[in-house]
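Have a look at the fold below before reading on.

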Amino acid sequence: MDQLAALLDGPRARGAFLLRSLLDPPWSLRIQDEAPLTLVAMVRGEAWIVPESGEPVPLLPGEVAVLRGPEPYTVADEPGTSPQIVIHPGQRCTTLDGQSIYQAMDLGVRTWGNSPEGATVMITGTYQLEGEVSRRLLEALPPLLVQPGGTIISLLGAEVGKDEPGQEAVLDRLLDLLLISVLRSWFATHDAPAWYRAQSDPVVGKAMRMLHNNPAHPWTVATLAAEVGVSRASLARRFTDLVGEPPMSFLTDWRLALAADLLREPDATVGSVARQVGYASPYALSAAFKRVRGISPQEHRTGAAR
């Protein structure tokens with residue numbers, strides 16, 4: 001498993017919000033839903049992304065905008081069009097004075113807008129909960145990026161309006177696939193984060209894959225170095241130089257990211273999660289979790305449930 005796939009494999013879209021919008025101009029949507037990560041894919045027509053601070057960015061057919069929250073932004077037919085609709089947390093849609101309008105603009109299954117034959121067709125996919133996307137990945141992204149979406153946009157567009165058994169899982173996976181495709185393209189043409197570049201190193205890349213694939217193993221720098229065929233000192237130095245942190249710090253971050261996601265499962269216990277991510281006891285996981293994240297696993301779980 002490579003680094004980008006690993007960051008999206010455990011923490012990924014689960015029942016993600018997906019909506020197809022059919023719109024005729026003039027239109028303008030003020031987005032203040034506080035979502036950690038949102039994708040806006042243009043199927044037909046054009047739009048403008050207007051950040052809270054910064055210059056408006058055009059979005060052309062076949063392109064995907066990836067927006068990192070929680071800062072608000074506006075999506076409109078033109079940069080100067082005043083917002084008419086506000087999208088709140090929980091995807092609640094209102095007029096500027098707070099009146100609900102979702103039912104009035106309902107156009108069918110996962111479809112919404114002001115015209116059934118709208119000149120603009122776009123698909124919005126939102127990762128709604130912290131933990132669905134790794135903190136390490138979010139920190140590597142700019143607030144807004146735009147990249148070509150390729151054929152996945154067509155696949156998503158064909159599926160988003162269906163209401164068939166298993167449809168939610170199909171849409172979640174397509175949203176993940178679109179995100180991976182866009183980020184892979186972005187990292188290939190821009191200044192990729194250190195952990196992404198390090199995967200191409202024959203020693204460090206192999207070590208990172210081993211940590212990702214088997215976080216429950218009782219790893220030490222010595223055992224990891226033996227597996228990749230270098231000395232302990234050589235691995236520690238090379239890993240830190242390329243990734244920006246020592247191997248065991250990297251492993252701790254990955255284990256706790258997995259733990260945070262697993263703790264949201266209804267039947268999970270701190271003990272069962274501890275065993276899955278490589279801690280000898282619930283106490284050991286709790287101590288590490290609180291030291292790094294500032295809250296206990298139980299507090300994290302309670303907050304996620306709310």
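This is a predicted model: local features need pLDDT of at least 70, side-chain atom pairs count only at pLDDT 80 or more; totals for chains, interfaces and linings use all residues.

Glu34 sits in the loop between β2 and β3. Its phi is positive, about 65°, even though Glu34 is not a glycine. Is Glu34 buried or exposed? Its relative accessibility is 52%, so Glu34 counts as exposed.

Arg110 belongs to the loop between β10 (106-108) and β11 (111-113). This residue is not a glycine either, and its phi is positive, near 50°. With a relative accessible area of 23%, Arg110 is classed as partly exposed.

## Two cis peptide bonds

Which peptide bond has omega near 0°? That is the cis bond running from Pro25 to Pro26. Pro26 lies in the loop between β1 and β2.

Another cis peptide bond links Gly69 to Pro70, with omega at about 10°. Pro70 is part of the loop between β6 (63-68) and β7.

## The pocket

Gly69 turns up again in the lining of the second largest pocket. This pocket holds about 210 Å³ of space. Its lining takes in Pro51, Glu52 and Ser53, then Leu67, Arg68, Gly69, Glu71, Pro72 and Tyr73, and finally Pro143 and Leu144. Sorted by class, that makes six nonpolar, two polar and three charged residues.

## The enclosed cavity

How many cavities of 30 Å³ or more does the structure hold? There is one. About 180 Å³ of space lies in the largest cavity.

The lining of this cavity is made of 18 residues, and Leu19, Ile31, Ile87, Gln91 and Thr124 are the ones nearest its centre. Several strands contribute: β1 (17-23), β2 (28-31), β3 (37-44), β7 (73-76) and β12 (120-127) supply at least two lining residues each.

Over to the helices. Trp219 is placed in the loop between α6 (204-213) and α7 (221-228). Its relative accessible area is 10%, which is under 20%, so Trp219 counts as buried.

What does Trp219 touch, leaving aside neighbours within four places in sequence? The contacts are Met210, Leu211, Asn214, Leu224, Glu227, Met248, Leu251 and Arg255. His190 is 29 residues away from Trp219 along the chain, and their C-alpha atoms are separated by 33 Å.

## How α9 meets α10

Two packed helices are described by the angle between their axes and the distance between the axes. For helix α9 (residues 247-262) and helix α10 (residues 270-277), the axes come within 10 Å and cross at roughly 145°. The crossing of α9 and α10 is right-handed.

On the α9 side, the contact uses Arg255, Leu258, Ala259 and Leu262, while α10 brings in Val273, Gln276 and Val277. By class, the residues of this contact are five nonpolar, one polar and one charged.

Notes:
Residues are numbered from 1 along each chain as its sequence is written. Side-chain values use heavy atoms; hydrogens and water are left out. On a 1 Å grid over the protein atoms alone, a cavity is a set of points where a 1.4 Å probe fits but cannot get out, and a pocket is an open set with protein on both sides within 12 Å along at least five of seven lines; lining residues have an atom within 4 Å of a point. Grid points are joined across faces, edges and corners, and a volume is the space filled by probe spheres set on the points. Ala, Val, Leu, Ile, Met, Phe, Trp, Tyr, Cys and Pro count as nonpolar, Asp, Glu, Lys and Arg as charged, and the others, Gly among them, as polar. Axes are lines fitted to C-alpha atoms, for helices over the stretch in contact, and angles run from 0 to 180 degrees between N-to-C directions. Helices (H or I, at least four residues) and strands (E, at least two) are DSSP runs, numbered from the N terminus. A crossing is left-handed if the near helix is turned anticlockwise from the far one by less than a right angle, and right-handed if clockwise. Contact means heavy atoms within 4.5 Å. Buried means under 20% relative accessible area, exposed over 50%, partly exposed in between (1.4 Å probe, protein chains only).
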